[in-house]
Amino acid sequence: MTLADYLQAQGLTAAEFARRIGRSRSTVGRWCAGLRHPDAAAMRAIMEATKGAVMPNDFFGTGP
């Protein structure tokens, strides 16, 4: 699941999610748009915050 899809499904804004993981809204927005990829620490935070719904492979279009 992409991060953008997760946020939409949960009814969260990029700003709300950014606060949860300690990043800026603009950074989360760039991840959602596919303009940037999260670093390793951010990917861990995303996996934890989404309870595994969004995984590192989801940022690269690969996965099961």
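Visitor: Where is Pro-56 found?

Guide: Pro-56 sits in the segment after helix H4, which covers residues 40-49. Helices here are DSSP runs of H or I with at least four residues, strands are runs of E with at least two, and both are numbered from the N terminus. This is a predicted model, in which local features need pLDDT of at least 70 and side-chain atom pairs count only at pLDDT 80 or more, while totals for chains, interfaces and linings use all residues. Residues are numbered from 1 along each chain as its sequence is written, and side-chain values use heavy atoms, leaving out hydrogens and water.

Visitor: Why does Pro-56 count as partly exposed?

Guide: Buried means under 20% relative accessible area, exposed means over 50%, and partly exposed lies in between, using a 1.4 Å probe and protein chains only. Pro-56 has 26% relative accessibility, so it counts as partly exposed.

Visitor: Which residues is Pro-56 in contact with, leaving aside its neighbours within four places in sequence?

Guide: A contact means heavy atoms within 4.5 Å. With those neighbours set aside, Pro-56 is in contact with Met-43 and Met-47.

Visitor: Is Thr-50 buried or exposed?

Guide: Thr-50 has 4% relative accessibility, and therefore counts as buried. Its place is also in the segment after H4. Beyond neighbours within four places in sequence, Thr-50 is in contact with Tyr-6 and Phe-17.

Visitor: And what about Lys-51: buried or exposed?

Guide: Lys-51 counts as exposed because its relative accessibility is 77%. Its backbone deserves a look too. Most residues other than glycine have a negative phi. Lys-51 is not a glycine, yet it has a positive phi of about 55°.

Visitor: How far is Gly-61 from Ala-15?

Guide: Their C-alpha atoms are separated by 24 Å, and the two residues are 46 apart along the chain. Gly-61 lies in the segment after H4 and, at 71% relative accessibility, counts as exposed.

Visitor: Which residues touch the most other members of the largest nonpolar core?

Guide: In soluble globular proteins, nonpolar side chains tend to be buried together. A nonpolar core is a set of buried Ala, Val, Leu, Ile, Met, Phe, Trp, Tyr and Cys residues joined through side-chain atoms within 4.5 Å. The largest one here has 15 residues, and those touching the most other members are Leu-3, Leu-7, Phe-17, Val-28, Trp-31, Ile-46 and Phe-59. At least two core residues come from each of helix H1 (3-10), helix H2 (14-21), helix H3 (25-33) and H4. H2 gives the largest share, 4 residues.

Visitor: What is Phe-17 in contact with, leaving aside its neighbours within four places in sequence?

Guide: Its partners include Leu-3, Tyr-6, Leu-7 and Leu-12. Val-28, Ile-46, Ala-49 and Thr-50 are also among them.

Visitor: How many helices and strands are in the chain?

Guide: The chain has 4 helices and 0 strands, running α-α-α-α from the N terminus on. Buried residues make up 28% of its 64 residues.

Visitor: Why does the radius of gyration agree with a compact globule?

Guide: The radius is taken over C-alpha atoms, and the globule rule is 2.2 Å times the number of residues to the power 0.38. For 64 residues a compact globule would be near 11 Å, and the chain has 10 Å, so the two agree. Along its principal axes, the C-alpha trace spans about 30 × 20 × 20 Å.
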